[in-house]
Amino acid sequence: MNFESQVVHAGDRKRQRSGAVASTTPISLATTYFYESAAKLDRIMGNEEPGFSYARYTNPTNEALEELATRLEGGFGSLATSSGMAALQIAFQAALVDRNHSIVVSNAIYGATVELLDKFLAPFEVQVNYIDICNLDAVEKAVAKYQPGCIFLEAISNPLLRVGNIRELARLAKGCDAALIVDSTFATPMLLRPLDLGADIVVHSATKYLAGHGDVLGGLVVANEGLHETVRALARISGPALGPFESYLTMRGMKTLALRFERQCQNAKALACWLAQHSGVERVYYCADPNHPDADVIRESFAPGLFGAILSFEIRGADKGKVLAFMDKLGMIVPGTSLGDVHTLLLYPQMASHRNLSPKMRERLGIRENLVRVAVGIEHIDDIKADLDQALAAVA
Ligand SMILES: *Cc1c(COP(=O)(O)O)cnc(C)c1O
């Protein structure tokens, strides 16, 4: 089945015992399940037979969503979690349980992930080594030096939209028995399938493109055969399960992922071209740029014709005061911190995702004071342009 059909059908329409088939998966709120025979429940509790026993382990609504995610990412199995951060914590812990307690990690990742690593893994004797993940020579040296148990990157970095070479990173990971974990939130499985390129675990903040409407917090861990059982065993104990209602909403949102994301990518491409010509804009960062530093990797790994729906740009001559004034002038565009919603969102990295970095560190990462990030929505492109145009004019 093609992607557009899978998002609509996979995981859904399980036959009930009565023979009836619900056209969409129901919300199963029960915490406890039992069977005609106690022996069957015994086998299920012992993990010898698949089935439902207790909601922390799994339930029919989550199972449907997990089946959908597994299909879209081409994994062995999935876990639906209560947030993207819960998904990341499970992924790191599962990867490191039997491996060297050392991580080689991209220095351009989500702020909360940095805190998770530095404040809550490093104290448990996990050595965390940050690196420019697009510099493969540097990664190779770091891998030789630290013998990591895990290599981690975001498929598309925030906010400068660098794209790591997952195929090459997977090769380096295999060489030292490290698990390669990719946070693919910005990419979605429509743009990129990290497991096909050799990654071991893909993590999503389902809060973003997958659920897609700014009304659900959730996460997904999609793993290969070697790691899926560890992911599930850890989740059975630590209990990060997504609630059934959120699970339902996520799956409902995902049915339109192909339509939404295609429009969002189209809008982003048009917007990037328009901004590049705008007198109030100094520089645009977008994956379709032929001069993008990772253009070869993008051509090789992204779905044809799609370049993602996030772009960043620098407002000419703006300091922090001017950027804030520009944000206050926005009419339709939401000046909020998330991404992946149907509405266009504009974020100021210095205020949000990169707030806790020193000005020197931001400068080293190339994140300037006049940089804003746009997660482009599904609105009419002319309305997005018009809103940015009047806000830019107001601070010119
Ligand atoms: C939002 C986000 C997360 C965290 O997800 P939550 O659902 O907010 O917990 C992790 N990684 C990336 C890339 C994100 O954008």
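How many helices and strands does the protein have? In this predicted model, the protein has 15 helices and 11 strands. With those elements in view, let's look at the overall shape. The radius of gyration is 22 Å, close to the 21 Å that the globule rule gives for 396 residues, so the protein is as compact as a globular protein of that length. If you follow the C-alpha trace along its principal axes, it spans about 75 × 50 × 35 Å.

Now step inside. Of the 396 residues, 53% count as buried.

The accessible surface of the protein comes to about 17600 Å², and carbon and sulfur atoms account for 52% of that. As for charge, there are 38 positive and 44 negative side chains, and the centres of these two sets lie 1 Å apart.

Finally, have a look at the cysteines. A disulfide here needs a pair of cysteine sulfur atoms within 2.5 Å, and the count comes to 0 disulfides. Take Cys176, which is in no disulfide: the nearest cysteine sulfur, that of Cys150, is 10 Å away. Cys176 counts as buried because its relative accessibility is 12%, and the cut-off for buried is under 20%.

What about Cys265? Its closest cysteine sulfur is in Cys287, at 9.7 Å, which is too far for a bond. Cys265 also has a relative accessibility of 3%, so Cys265 counts as buried.

Conventions:
Residues are numbered from 1 along each chain as its sequence is written. This is a predicted model: local features need pLDDT of at least 70, side-chain atom pairs count only at pLDDT 80 or more; totals for chains, interfaces and linings use all residues. Side-chain values use heavy atoms; hydrogens and water are left out. Buried means under 20% relative accessible area, exposed over 50%, partly exposed in between (1.4 Å probe, protein chains only). Helices (H or I, at least four residues) and strands (E, at least two) are DSSP runs, numbered from the N terminus. The radius of gyration is taken over C-alpha atoms; the globule rule is 2.2 Å times the number of residues to the power 0.38. Accessible areas come from the Shrake-Rupley method with a 1.4 Å probe; for residues, only the protein chains shown count as cover. Lys and Arg count as positive and Asp and Glu as negative; His and the chain ends are not counted. The place of a charge is taken as NZ of Lys, CZ of Arg, CG of Asp or CD of Glu.
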